[in-house]
Amino acid sequence: MANFKININGKSQNVDVDPSTPMLWVLRDHLKLVGTKYGCGVAQCGACTIHLDGTAVRSCQLTVSAVKDKEITTIEGLSENGDHPVQKAWLEHDVPQCGYCQAGQIMSASALLKRNPQPSDEEIERAMNGNICRCGTYTRIKAAIKTASDSQIA
Ligand code: FES
Ligand code: FES
């Protein structure tokens, strides 16, 4: 066990955990930030996607000891009132079906638009490739990313 001070959603948090603990479990079990989901545990589904200094990463593969002083953002901290352009576009297109994969989808999409506000179809497909949706909401996800992209230049 060791003590880690980590920056999550703009707040400094202390956790006592084994250094090899994946951030997914720090978030869900220790900090009760359960919006980030467990899907596969082996970086194959994207359900656990969070931002590390603004870049989309799989929290099931990110150990707490690797975070250091970097800023973590989870779905709970993406916006104050659920009004990030990606979240608004998701509502407009009624994207979710069961919803399980959607926090990860939104975190990947928002990281994409942050680094590339006007992605091409190919760039969207490449960025979202690792986020699996068992309900097959891919068409609506793509449409919502395009809407969010347009809203950033409107
Ligand atoms: S739970 Fe992390 S990628 Fe599937
Ligand atoms: S909405 Fe059900 S898994 Fe994606």
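Which residue in β4 is the bridge partner of leucine 52? It is threonine 55. Keep that pair in mind, and we will come back to its strands.

A word on what you are looking at. This is a predicted model. Let me start with the whole chain.

The protein chain has five strands and six helices. Read from the N terminus, the order is β-β-α-β-β-α-β-α-α-α-α. The radius of gyration is 15 Å, close to the 15 Å that the globule rule gives for 154 residues, so the chain is as compact as a globular protein of that length. Along the principal axes, the C-alpha atoms fill a box of roughly 45 × 30 × 25 Å.

Next, the packing. The chain has 154 residues, and 39% of them count as buried. Now take the contacts between residues at least 6 apart in sequence. Of these, 62% join residues at least 24 apart.

On to the domains. The protein chain is divided into two parts: domain 1 covers 2-77, and domain 2 covers 85-153. Their C-alpha centres lie 21 Å apart. How many residues does each domain bring to the contact? Domain 1 gives 14 residues, and domain 2 gives 12 residues.

Look at the domain 1 side. Two elements give two or more residues there: β3, at 49-52, and β4, at 55-58. The largest share comes from β3, with three residues. By class, this side of domain 1 has six nonpolar, seven polar and one charged residues.

How do β3 and β4 pair, parallel or antiparallel? The sense is antiparallel, over four bridges. Leucine 52 and threonine 55 are bridge partners here.

Helix α3 spans residues 85-92. Which of its residues are buried? Pro85, Val86, Gln87, Ala89 and Trp90 are. Just after α3 comes another aspartate to find on screen. Aspartate 94 takes a positive phi of about 50 degrees.

To recap. The model is predicted. On the domain 1 side of their contact, β3 and β4 each give two or more residues. Thank you.

Technical notes:
Residues numbered from 1 in each chain as written. Chains lettered and ligands numbered in written order. Predicted model: local features only at pLDDT ≥ 70, side-chain atom pairs only at ≥ 80, totals over all residues. Rg over C-alpha atoms; globule rule 2.2 N^0.38 Å. Buried ≥ 20, exposed ≤ 12 C-beta atoms within 10 Å, placed from the backbone. Contact = placed C-beta atoms within 7 Å. Domains from an automatic or database assignment. Nonpolar A, V, L, I, M, F, W, Y, C, P; charged D, E, K, R; others polar. Pairing = 2+ DSSP bridges.
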